[in-house]
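This briefing covers a single protein chain. Please read it alongside the sequence and the coordinates.

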Amino acid sequence: AKRFTENEEIVVTATEFDRTLAATKDFVRIEGDNAIYQNHWMAGGNEIVWNMIHYDVQLFGGVVLHKGKIAEMATGEGKTLVATLPVFLNALTGNGVHVVTVNDYLSKRDSEWMGPLYQFHGLSVDCIDKHQPNSDARRQAYMADITFGTNNEFGFDYLRDNMAISPNDLVQRQHNYAIVDEVDSVLIDDARTPLIISGPVPKGDDQLFEEFRPLVERLVEAQRALATRYLSDARKLIASDDKKDVEEGFLALYRSHKSLPKNKALIKFLSEQGIKAGMLKTEEIYMEQNNKRMHEVT
């Protein structure tokens, strides 16, 4: 960071990585055996000139992040610059580092803004939000030493990998180290909205609903007819002067109630004087001793 701040151009012996980088990036060029890095480049659509050097307090913040802890910093205190320290250190292992941001603009901007710092030291940088899901380009982005992206894209790639049938379909490699920007927003606010992924269902056009609907309708109509017949029998028997017929009538009424309790004709009949009380008395008989005789009703 200090070398970029104090020099407009930095000349180093060119490596194969520098030559490959020079083919796609404007801030580095090759002259003979030398690679010349400039201290200005495009980031987020604007040209920036590097003029930042880590303060002591930012070094402390980098140590905290490297230890896997949360560093709370106010806006403008240089969170992005602080993150370069543990990102660079953990990327040296070659096992990959993820930098998680809250939106795709920040992931693209930060990868372009801080990228030359890492690339100057031979570390590859990419951003998954620049590539389509399940593409070779995104797979290569995960193979970079430092990978930027949004929390949703990292999450959906993880879900897709867990649905993959073949190892060749995986895009992520084994997780090593990650830094989450705006961690309170990502892990608390955004976490309230779950990531849901779906795929095609075998024989998805075969709807069992259409197959079973006629059968259920026939069953419901049969039960409705039975309940109506029970209610008709109950009216006749309850009106009789024979005590046994009255008992049979209330039993038929109870069966009608069990078959179709929301039948309007049944509800109207129960509203007549003494009818509901008689049915409840019948119910008590069959519910005695833990419904011992309930099977006789049903």
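Asn290 is found in helix H12, where helices are DSSP runs of H or I with at least four residues, strands are runs of E with at least two, and both are numbered from the N terminus. The model is predicted, so local features need pLDDT of at least 70 and side-chain atom pairs count only at pLDDT 80 or more, while totals for chains, interfaces and linings use all residues. Residues are numbered from 1 along each chain as its sequence is written, and side-chain values use heavy atoms, with hydrogens and water left out.

- Asn290 has a phi near 55°, a positive value in a residue other than glycine.
- Asn290 is exposed, with a relative accessible area of 76% (buried means under 20% relative accessible area, exposed over 50%, partly exposed in between, with a 1.4 Å probe and protein chains only).
- Gln289 also lies in helix H12 and has a positive phi of about 55° although it is not a glycine.
- Gln289 is exposed at a relative accessible area of 61%.
- Most residues other than glycine have a negative phi.

**Packing of H10 and H12**
- The axes of H10 (residues 243-259) and H12 (residues 275-291) come within 9 Å and cross at roughly 85°; axes are lines fitted to C-alpha atoms, for helices over the stretch in contact, and angles run from 0 to 180 degrees between N-to-C directions.
- From H10, Phe250, Leu251, Leu253, Tyr254 and His257 meet Ile275, Gly278, Met279, Thr282, Glu283 and Tyr286 of H12, contact meaning heavy atoms within 4.5 Å.
- Seven of the residues in this contact are nonpolar, three polar and one charged; Ala, Val, Leu, Ile, Met, Phe, Trp, Tyr, Cys and Pro count as nonpolar, Asp, Glu, Lys and Arg as charged, and the others, Gly among them, as polar.
- Tyr254, in H10, is buried, with a relative accessible area of 1%.
- Beyond its neighbours within four places in sequence, Tyr254 is in contact with Met279, Glu283, Met294 and Val297.

**Domains and separations**
- The domain assignment gives domain 1 (1-52), domain 2 (54-199) and domain 3 (208-296), with bounds that come from an automatic or database assignment.
- The C-alpha centres of domain 1 and domain 3 lie 89 Å apart.
- Tyr254 and Phe60 are 194 residues apart in sequence and 80 Å apart in space, C-alpha to C-alpha.
- Met73 and Ala239, 166 residues apart along the chain, have C-alpha atoms separated by 86 Å.

- Asn90 sits in helix H4 (residues 79-91) and is buried, with a relative accessible area of 12%.
- The Asn90 side chain reaches the backbone oxygen of Pro86 at 2.7 Å.
- Leaving aside neighbours within four places in sequence, Asn90 is in contact with His66, Val97, Asn176 and Tyr177.
- Met73 lies in the loop between helix H3 (56-66) and H4.
- Not counting residues up to four places away in sequence, Met73 touches Gly78, Lys79 and Val82.

**Ala22**
- Ala22 is placed in helix H2 (residues 16-22) and counts as partly exposed at 23% relative accessibility.
- Ala22 touches Val28, Arg29 and Ile30, residues up to four places away in sequence not being counted.
- The C-alpha atoms of Ala22 and Tyr37, 15 residues apart along the chain, are separated by 9.4 Å.

Conventions: A polar contact is a pair of N or O atoms within 3.5 Å; within protein, one must be able to donate a hydrogen and the other to accept it, and residues adjacent in sequence count only if both atoms are side-chain atoms.
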